[in-house]
Amino acid sequence: MWYYHLDELEAWDFLPGRDLVVVARGQGGPADQHPYDFSTGDGDDKEYWTSNSQLQQISNLGEIQQQYISSCEGSPYNYNMLTHECHVDASDPSLPVYTTRYKVKFYPDVKVEEKRSKVKEVEETYNVFVGSEIVKWNRMDNTIDKLYDMFDYAAPKDDDKSGSYTTFNGLWNTEDAACSGGESITGIEWHHISSVTAGTQENILVASRELNTIWSFAHDGSGKKWQFSSSLDSDYSFESDVDMFYQPHSAMQLPNGDIMLIDNGGARPGCTLEKTGGCFSRAIAYELKDSGVARVRWQFEVPYALNDRKEGDWAS
């Protein structure tokens with residue numbers, strides 16, 4: 001048995017064998033500002049870059065085998081913290097690691113609602129949104145490749161609410177963004193990508209906690225295959241509203257193509273800060289049928305079992 005201490009550990013996975021791969025929000029060294037090399041820079045006039053997160057490969061002896069430090073310079077719109085996910089793609093011989101990276105964008109005057117109960121809603125206007133990129137860490141040459149910018153697939157002005165989006169869990173997450181330029185901004189964490197995993201059909205599954213959505217993307221970065229959602233437009237409909245998932249985590253694809261995930265349920269209609277009667281969590285598996293319907297193959301709920309498909313008080 002051994003332990004390894006790392007500040008602000010976010011996620012981890014194991015390589016074949018016993019090496020551990022981790023993502024941490026902690027900075028890459030004792031100081032968070034480091035000299036900036038103008039000879040290799042991109043024209044930014046700042047003297048420093050600021051580290052904000054890192055990836056590490058650690059041996060079973062606790063030795064760092066590889067380390068990637070993420071950093072940004074200048075404007076807070078360059079913020080690029082690695083966060084939330086760490087998944088080794090065992091289907092690729094080079095064993096790359098999938099994770100997510102923050103991306104900050106400006107969308108003017110977007111109305112965002114928070115539903116506190118059936119009848120009580122709070123509406124605020126935001127301009128700054130902290131979204132996600134799906135990236136791949138190539139451990140051998142210690143580089144990061146961007147695969148997908150999630151704003152291309154779910155932007156605040158492009159969803160089915162026409163710029164207004166409701167969350168049922170009461171509060172949106174916010175994220176403070178800052179680089180080396182001495183300025184910081186705060187925005188809504190729009191996507192909150194909760195998992196990125198290799199699928200079984202030459203694809204990558206991406207789950208968004210805040211948008212209640214699962215995407216399947218081509219493994220080679222060539223684009224979206226399908227979108228499965230309880231809140232946005234969806235390529236698959238549900239047989240019943242009670243089958244919808246909210247705040248999905250740990251989405252994975254089984255060998256038969258079924259999608260299995262943890263339905264946290266915190267944003268479920270009827271599960272609010274002031275009323276919790278409709279709150280429950282579950283593990284659930286869906287068969288995505290060729291007809292465009294998602295059928296529940298299996299589920300296990302805590303604490304409330306769904307013994308029938310009657311739409312109760314939670315659906316109001």
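Modeller: Strand S20 (residues 281-288) and S21 pair in the antiparallel sense over eight bridges, where strands are DSSP runs of E with at least two residues, numbered from the N terminus, and two strands pair if DSSP finds at least two bridges between them. This is a predicted model, in which local features need pLDDT of at least 70 and side-chain atom pairs count only at pLDDT 80 or more, while totals for chains, interfaces and linings use all residues. Residues are numbered from 1 along each chain as its sequence is written, and side-chain values use heavy atoms, with hydrogens and water left out.

Biologist: Which strand pairs with S21 in the parallel sense?

Modeller: The residue opposite Val293 in S21 is Ser237. The parallel pairing runs over two bridges and joins S21 (residues 293-302) to residues 237-238, which are strand S17.

Biologist: Which strands stand at the edges of the open sheet, each with a single partner strand?

Modeller: Four strands form this open sheet with antiparallel pairing, in the order S13-S14-S15-S16. One side of each edge strand is left without a neighbour in the sheet, because each has a single partner strand, and these edge strands are S13 (193-198) and S16 (224-229).

Biologist: How many bridges join S13 to strand S14?

Modeller: In this pair of strands, Ala198 stands opposite Ile204 in S14. S13 and S14 (residues 203-208) run antiparallel, and the number of bridges joining them is five.

Biologist: Is the aromatic pair of Tyr148 and Phe217 stacked or edge-to-face?

Modeller: Rings of Phe, Tyr and Trp (its six-membered ring) pair if their centres lie within 6.5 Å, and planes under 30 degrees apart count as stacked, over 60 as edge-to-face and the rest as tilted; by this rule the count comes to 16 aromatic pairs. For Tyr148 and Phe217, the centres are 4.3 Å apart with 25° between the planes, and the pair is stacked.

Biologist: Is Phe217 buried or exposed?

Modeller: Buried means under 20% relative accessible area, exposed over 50%, and partly exposed in between, with a 1.4 Å probe and protein chains only. Tyr148 has 3% relative accessibility and so counts as buried. Phe217 has a relative accessible area of 0%, and therefore Phe217 is buried.

Biologist: Why is the pair of Tyr153 and Phe217 edge-to-face?

Modeller: Tyr153 lies in the loop between S9 and strand S10 (165-167) and Phe217 in strand S15, so the pair ties together parts that are 64 residues apart in sequence. Tyr153 is partly exposed, because its relative accessible area is 27%. The ring centres of Tyr153 and Phe217 are 4.9 Å apart, and the pair is edge-to-face because the planes stand at 65°.

Biologist: Is His84 buried or exposed?

Modeller: His84 is found in strand S6 (residues 82-88), and its phi is near 75°, a positive value in a residue other than glycine. With a relative accessibility of 17%, His84 therefore counts as buried.
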